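Student: Please take a close look at the salt bridges in this model and at what they connect. I would also like to hear about the nonpolar cores.

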Amino acid sequence: MTTLQPRPPYSEDELHKLYPPGLQLQLVQVLLRHGERSPVSARFQNAGLAAFWPYCSVARQMVSATREASEKEWAPLQWRRRLETFGGDDGPVIASGPKGEVDSICNLGELTDMGRATTYNLGQRLRYLYVDQLHFMPPIISDADMIYLRATPIPRALESLQQAFWGMYPSNSRASSFPAVSIILRAPADETLFPNDSNCRRFAQLSRAFAQRTADRWNNTSEMEYLNKLLSKWMPESSKRVAVDSHPRLSGIMDTINSTLAHGPETRLPKEFYDEKGRKIIEKIGVEEWYSGYQESQEYRSLGIGSLMGDVVERMVGSVERNGNDGLFEIGGKDGSIGSGRGGEQSIKLGLSGCHDTTLAGILASLGTFQGELWPPYTSHIAFELFKNSTNQPSQVVGKDTIEKTAQAVTTGDATVGRGWYERIFGGSNLANMNGDKNAPVGIARQKVETLKESDRAKLDGYYVRIRYNDKVMTVPGCKAAGKHLDGDESFCTLEAFKMIVDKYTPSHWKQGCLSNMEVPAFPEKPEPAGY
């Protein structure tokens, strides 16, 4: 699958069914795949495909923050980027496009002009739904401290996030004094916003095992023979046969096909690559290779996507508890501190995270909602929506002083800060756990549901979670049982039931898990189906 063809906006009738009276939208978390990009590797140059593509106009107008020591002030440095590569004699030459272009040249795996446009358009669609239709978000903002912004270290994910945010809140929707937005990033070794096999040895081992199983199943089939009749003549001499584990891998071939389909005729492959039957075979095998592990193995889910899903649920529960765990601590606070928003915001209403196809498909597969789905197109997105039963009594609203004291306790590890207010609101046991550990959890978000006291468990009552993938409602199988969803609509999972499902594969210590079980077989002894 390549470029997403978004559906039209919801009609009034659809909105009424999707957002029924009696439920109040409280928190929305959107995870979006980056937009269209150039291939991550230069493949099939022997088929006439240029290694470098002229679709990145940003290269003509790069901007960097620079500082003059004498002035102690920052100023923008505008510059033009040109790429250099190896020439025929191994000397340096300027990389050029298919028609000799030397400017606007994309690096490998870079977000293209098309990708910037589609992610900006996604932001506009989100604005139309959550601002214009539902009136959930304000039309004009003076700062972005009610919006949790996060991206992976891969530039195309960060740039797609920025484009989507700008599409949702363009210049005429931001106050003239709008301050710099806070965007959360992680070091590569800590990254869990995509399945991080480069920094998780056990997950890499599991991934290889499931990939090898896929190769064993498909390499000698009639489907693979069909692909070889189409494409083997374009394969390199060192690996003439198309296979799951060929060089390039079958998934790499799919990557180049999808990248070329999303862009202009100057960067197209021979027609054999676009054979409809062949593409369906490639996609079916690719989905099995990359995502079957999430559907079959709890360890695979835990190490691949469990930490991220734990974060998603933590922000939901933090929104319920109003204790800053919804992302407010990370986003809010004046320079040099964390806490409530710079405009007085006491909670996060919207989250936007720039990520990847493996993120979205991994999430859906881990929840048992990816059966029969195709590879996520560019600019796909998942929306996790948290609703509150508006007929219930409102939860206790925690004031600004409480938020600031919690921030101080988290930052300093001082459990004695505000002990009285903390125990009244969050219970003494959690406060005790914070003693001496500034990274200890605040509140109940990271605790397993079955370990909660009844009073803490009751905090989850009256809240529901609904998932939309590219504007299509998805239903988690474990939420279909009586008592685990909103009466009359299985797609609205109770927050308790949703958290219990995610708790099962949220790791208590991801990095330790990444170094464990290295001698244990990759495949579970008995079925461990996803979504329950």
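Salt bridges and cores

Tutor: Glutamate 272 and lysine 233 form a salt bridge in which the closest N and O atoms are 3.0 Å apart. Glutamate 272 sits in the loop between helix H6 (250-261) and helix H7 (276-296), and lysine 233 in the loop between helix H5 (222-231) and H6, so this pair ties together parts that are 39 residues apart in sequence. The model is a predicted one, and a search of the whole structure gives 31 salt bridges.

Another of these pairs is arginine 446 with aspartate 311, where the closest N and O atoms are 2.9 Å apart. Aspartate 311 belongs to helix H8 (residues 298-321), while arginine 446 is in the loop between helix H13 (428-434) and helix H14 (454-457); the pair therefore ties together parts that are 135 residues apart in sequence. As to accessibility, arginine 446 has a relative value of 30% and counts as partly exposed. Aspartate 311 has a relative accessible area of 14% and is buried, because the cut-off for buried is under 20%.

Glutamate 373 and lysine 472 also meet through their side chains in a salt bridge, at 2.6 Å from N to O. Here glutamate 373 lies in the loop between helix H10 (357-366) and strand S9 (381-389), and lysine 472 lies in strand S11 (residues 472-474), so parts that are 99 residues apart in sequence are tied together by the pair. Glutamate 373 counts as buried at 18% relative accessibility, whereas lysine 472, at 40%, counts as partly exposed.

Some salt bridges share partners: Arg186, Asp311, Glu314 and Arg446 are joined in this way into one network. The pair of arginine 446 and aspartate 311 described above has both of its residues in that network.

Turning to the nonpolar side chains, the largest core has 87 residues. Those with the most contacts inside this core are Ile253, Met309, Met316, Ile363, Leu367, Phe384 and Phe498. Helix H8 gives the most to this core, with 10 residues. H8 is also the helix that holds aspartate 311.

Leaving out residues up to four places away in sequence, isoleucine 253 touches Phe44, Leu231, Met235, Val242, Pro248 and Phe273.

Key. Residues are numbered from 1 along each chain as its sequence is written. This is a predicted model: local features need pLDDT of at least 70, side-chain atom pairs count only at pLDDT 80 or more; totals for chains, interfaces and linings use all residues. Side-chain values use heavy atoms; hydrogens and water are left out. A salt bridge is a side-chain nitrogen of Lys or Arg within 4 Å of a carboxyl oxygen of Asp or Glu. Helices (H or I, at least four residues) and strands (E, at least two) are DSSP runs, numbered from the N terminus. Buried means under 20% relative accessible area, exposed over 50%, partly exposed in between (1.4 Å probe, protein chains only). A nonpolar core is a set of buried Ala, Val, Leu, Ile, Met, Phe, Trp, Tyr and Cys residues joined through side-chain atoms within 4.5 Å. Contact means heavy atoms within 4.5 Å.
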